[in-house]
Amino acid sequence: MVKIANPESKGFMQQPSLVEIGHTGCYVDMAESLSHVDATPDPGYPLRILRAHLHNCKAGLWTDNTEGKPPENPLCIALNEVNDKRIAVLEQAIKALEASTRTALKELRGK
């Protein structure tokens with residue numbers, strides 16, 4: 001169950017800043033809007049997917065309060081730790097894909 005913590009947020013494409021997940025007392029605080037991906041099937045599509053996912057991971061933090069203090073709830077702390085690991089993996093994947101794309105383009109141009 002997802003419960004909007006601030007039901008005053010209304011309107012198309014607006015997102016609540018805090019969303020409670022289940023009855024855990026953990027909220028995801030979305031500092032920014034979620035990224036959407038241009039799904040044009042071209043060579044840049046895989047990088048756009050990874051960059052959008054990275055942006056989405058960086059956009060929100062799990063918290064158990066509305067005062068902006070670090071969370072004390074062990075679940076929120078664990079979710080943030082996992083998210084930090086996810087960000088590191090995505091950053092590595094983006095670098096590798098960028099490098100391999102550059103190499104492939106150079107080879108194509110050289111032929």
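**Exercise 1.** In which helix is glutamate 81 found? Work out also how exposed glutamate 81 is.

*Solution.* Glutamate 81 is found in helix α2, where helices (H or I, at least four residues) and strands (E, at least two) are DSSP runs numbered from the N terminus. This is a predicted model, in which local features need pLDDT of at least 70 and side-chain atom pairs count only at pLDDT 80 or more, while totals for chains, interfaces and linings use all residues. Residues are numbered from 1 along each chain as its sequence is written, and side-chain values use heavy atoms, with hydrogens and water left out. With a relative accessibility of 47%, glutamate 81 counts as partly exposed, because that class lies between buried (under 20% relative accessible area) and exposed (over 50%), using a 1.4 Å probe and protein chains only. From C-alpha to C-alpha, glutamate 81 is 9.7 Å from tryptophan 62 in space, although the two are 19 residues apart in sequence.

**Exercise 2.** Which residues make up the largest nonpolar core?

*Solution.* A nonpolar core is a set of buried Ala, Val, Leu, Ile, Met, Phe, Trp, Tyr and Cys residues joined through side-chain atoms within 4.5 Å. The largest one has six residues, namely Leu47, Leu54, Cys57, Ile87, Leu90 and Ile94. The elements giving two or more residues to this core are α1 (45–59) and α2. Cysteine 57 touches Asn83, Arg86, Ile87 and Leu90, not counting residues up to four places away in sequence.

**Exercise 3.** How many salt bridges does a search of the whole structure find?

*Solution.* The search finds three salt bridges, each being a side-chain nitrogen of Lys or Arg within 4 Å of a carboxyl oxygen of Asp or Glu. In one of them, arginine 48 pairs with aspartate 42, with the closest N and O atoms 3.0 Å apart. Arginine 51 and glutamate 98 meet at 2.5 Å, N to O; this pair links helix α1 with helix α2 across 47 residues. Lysine 58 and glutamate 91 form a salt bridge with their closest N and O atoms 3.1 Å apart, and this pair links distant parts of the chain, in helix α1 and helix α2.

Definitions and conventions. Contact = heavy atoms within 4.5 Å.
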